[in-house]
Amino acid sequence: VIDVFQGDLHKAGMKPLTFVRQVLAACVYPPLINSSNLPLDARQRTQEELGRCVGGSVGEGNVCGLMTWKKMKMLVVQDPQGGAEKTHRTQLSLLCDNYYFCGFGPWLRTQALLNREASPRTGVLIPVPCHNKTVLSIMQLGAVAVPYYLSEEQGWALQVEELQRALESAKGVCNPVALYIINPGNPAGIYSSQCGDQVIRFAWEKRLFLLVDEVYQDCVYGENCEFVSYKRTLSEMGPPFSGTVELASFHSVSKSFSGEYVCGLRAGYVELVNLDPAVMKYIHTLFSKDSCETVLGQIALDLMMDPPKPGDPSYLLYKQEIEQIRTVLVHNVKRVHEVVNSLPGFSCSPIEGGLFAFPRLHLTPKAIQKAKVTAEMQEDPDTFYCTRLLEEGGVFTGPGWEYGQKEGTYHIRFCIAVPQDVMEELLRRLSSFHMTFMKDFS
Amino acid sequence: MKSMSKITLQLQRCARDITNMSQQAVNGVSHRGRVLTLDSMNPNVKRVEYAVRGPIVQRAVQLEKELKEGVKKPFTEVIKANIGDAHAMGQKPITFFRQVLALCSYPALLEDSKFPEDAKQRARRILEACGGHSIGAYSASQGIECIRQDVAHYIEKRDGGIPSNPDNIYLSTGASDAIVTILKLLVCGEGRDRTGVMISIPQYPLYSAALADLGAVQINYYLDEDNCWSLNITELRRALSAAREHCNPRVLCIINPGNPTGQVQSRQCIEDVIRFAKEEHLFLMADEVYQDNVYAEGCQFHSFKKVLFEMGPEYSNTVEMASFHSTSKCYMGECGFRGGYMEVINLDPEVKAQLIKLVSVRLCPPVPGQALLDLVVNPPQPDEPSYATFMKERTAVLSALAEKARLTEQIFNTVPGITCNPVQGAMYTFPRVTLPQKAIDKAKELGLVPDMFYCMRLLDEEGICLVPGSGFGQREGTYHFRMTILPPTEKLKVVLQKIQEFQLRFTQEFS
């Protein structure tokens, strides 16, 4: 079975990054620092990382969530993405206090923003389609997910008019306090920084807290596409926006090239911008009671932020491995687009970023009816398609309804981060299955 | 605890006003209303306090910074005896565990002859169970299956053969994650029907923080300080009937061995608690993360599950329970790996389905932590190459802790004004300190709870960071502090002496 249901590169067979694994292994078992089997820079880096641990051990419980690594501080201050925002940030004192090792899920679960007991209920604007865990998390916390539809015709573009409509729809239902953006998107591989300033302006006008999930920032494929963080856009917009729009941006090692997609380490960070200092005090308390991040994960994050440089012994291999992954992804994205669009009743927007394809199934009403009748449990065509694809084609994908889609449209989602040969096999099986399916249900 | 929150809130409100004013001055523009303010924030968040890393630790960090900058202090280092973090205090990791984890992290090392064969074998087995043979892959939300099976085996062996079903095992990110997850399932209802959760006073503040966060009702039952912090059924009954006036008590939490008190419950006591839970229809949560940390003569760890099953089917078929364990304590001390599990007993099958759904939202617990847990429940056996070293290291850690427990109790009991119950288990001591009235008055003047005042002074004068008893709960009018017994023996002796000297000075100053 080709499992492309989740965005898990290692499961799919992509190889980890040697340098990262060497450092992690040596951090776990320090006698390796003296091993000639490991390159000098890996050994030196290990010593640096262990030097930051009070007892020199990755087994200690790090002060939860608070980034105290000096290097982070250095990176923050010299952050080329910081732009004009730098001046303002220094006024916020202790830059590092604005960073917490914390993934998006844990951040939501701090419930700082979402007030379960509020009446009317708290609302969060979420894109459709969207990563389903987000919706579940929001609902679990007693808040309302207010959908805004990305425009499939425009390559899944985010349109401010649609944000406006969504906001209107919330009147009388809930009190929207936040706008959640996935940039680049999941599952819609859109890269929306281009309209970043419009979105920020909208958030500013409507007084919405911006939650920007940028875990796929390393996965941007379009030619001449460069990832621009929302924070950078915000700071470049200058006052009054840069000093007032409240923003939480998220990154993670699970989806980053240089973090080698170590989903299993569960490490990420959130940067909080323009939050009320009094609120920050409580956030600090919340993070301190919940040691959610492993020390190994924090080290992986550090390696992601500060990889081998030209001249370092590991640099060439590291660069080669990264390039290999990137080449595979860029190639896969192209192939998926080519193949899917060549099949009847199947279309796919250009995948600009992220790790998934979200192609659309075009079924005639007759076909939909026929499928519904045949389906054992009367399920929707997309679920039916995916189930059949798994059973007959041996490819495990996700049906569009799990992520949200416009009424009457059907999609499937699958991960494109697999080795090239696996992708070819996937596309071969998908094509063959699809042709049969379309014939049977025309 | 209540008075402190009020005062703290007032102080913080003042601080906020000042910050706002200065921010306005800085920006030169009037402060535009934020979306997220103290008023619009989830009110439950304000109720959350976690003393172990609270204001005293922030002060300790501040002092460390000043020391680094060369500021002269009456001490040369800050000793952080506030948190149960063994490795940070110099405890060495278990070699075998780290070898296997290194092999899992960088499998090329499987070719390295310097690693013993039993370590390699375990690493291969773990990697085989991981997606793509990598610890970098997501695992199933409930945890890697073969590891859950190993955990079940471990429990069976520990409990004299009482069967354990791997489907009832949920791996988690430390025990805290599992504890909060279960509480989430249990807390519901409005007003008088709101779930009440019984917790011991004193308690580990994760519980009070989680209850505040979830908006559950905290029901305090007092441990008996005069009787070695033992649990009293009469007291449980008192707490429960009082609570029934204003909430719906559904849960009873026990920490055994105890934190911060270190008491190890007798088997009889555990039976009584189980009986009580059955009679009163309560869900039992047994926090057993210190199960290997038992020192006192005559004390023994009895798992709640074992006792439950030995009480016969009338109990073992009906009482609902969750027990928790972790890789952060015992002889491993690997807090940073966030390994842990819970075993659920007699959980409604439909609720179990919901539980799976709940844990799937956070995807999976860290895989290195799962791997470490596997080693803890599946350590080197007598016929394996790493056995001798493993046992040597394990014994060294546990016997050092036992010695330090004894030493601590002995020394503290010689200090006038300090009384200390035997440290039967866990990693802490929770001595009671008698504060002169003048000191209590001074504390109130400064807007501090008396034991916080005491601890802050100790920190400022001796550089020793402890946690005031108010962070854990204590009987009205009594004062305590919690100290870990983790610093190396020589350093611990110094700490004990300094506290002794401070106590004398302090008493004199406020006499």
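Chain A splits into two domains: domain 1 (2-8 + 323-440) and domain 2 (64-305), with bounds that come from an automatic or database domain assignment. Keep in mind that this is a predicted model, where local features need pLDDT of at least 70, side-chain atom pairs count only at pLDDT 80 or more, and totals for chains, interfaces and linings use all residues. Residues are numbered from 1 along each chain as its sequence is written, chains are lettered from A and ligands numbered from 1 in the order in which they are written, and side-chain values use heavy atoms, with hydrogens and water left out.

**Where the two domains of chain A meet**

- On the domain 1 side, 24 residues are in contact with 26 residues of domain 2 (contact means heavy atoms within 4.5 Å).
- Together the two domains of chain A bury about 2200 Å², with 56% of it on carbon and sulfur atoms; buried area is the accessible area (1.4 Å probe) that two parts lose on being put together, summed over both.
- In domain 1, Arg326(A), Glu352(A) and Tyr403(A) lose the most area to domain 2, together 26% of what that side buries.

**What links them, and which parts take part**

- Between domain 1 and domain 2 of chain A, the count is one salt bridge, meaning a side-chain nitrogen of Lys or Arg within 4 Å of a carboxyl oxygen of Asp or Glu.
- The rule also finds two residue pairs in polar contact across this interface, both at pLDDT 80 or more (a pair of N or O atoms within 3.5 Å; within protein, one must be able to donate a hydrogen and the other to accept it, and residues adjacent in sequence count only if both atoms are side-chain atoms).
- Helix 14 (315-342) and strand 14 (410-415) of chain A are the elements that give two or more residues to the domain 1 side; helices (H or I, at least four residues) and strands (E, at least two) are DSSP runs, numbered from the N terminus.
- Helix 14 of chain A gives the largest share of that side, five residues.

**Salt bridges elsewhere**

- Side chains of opposite charge can pair when their charged atoms come close.
- Over all chains, a search of the whole structure finds 43 salt bridges.
- Arg360(A) and Glu152(A) meet through their side chains in one of them (3.8 Å, N to O).
- Glu236(A) pairs with Arg232(A), their closest N and O atoms being 3.0 Å apart; both sit in helix 10 (residues 230-237) of chain A, four residues apart, about one turn of the helix.
- Over in chain B, Glu66(B) forms a salt bridge with Lys73(B), with the closest N and O atoms 2.8 Å apart.
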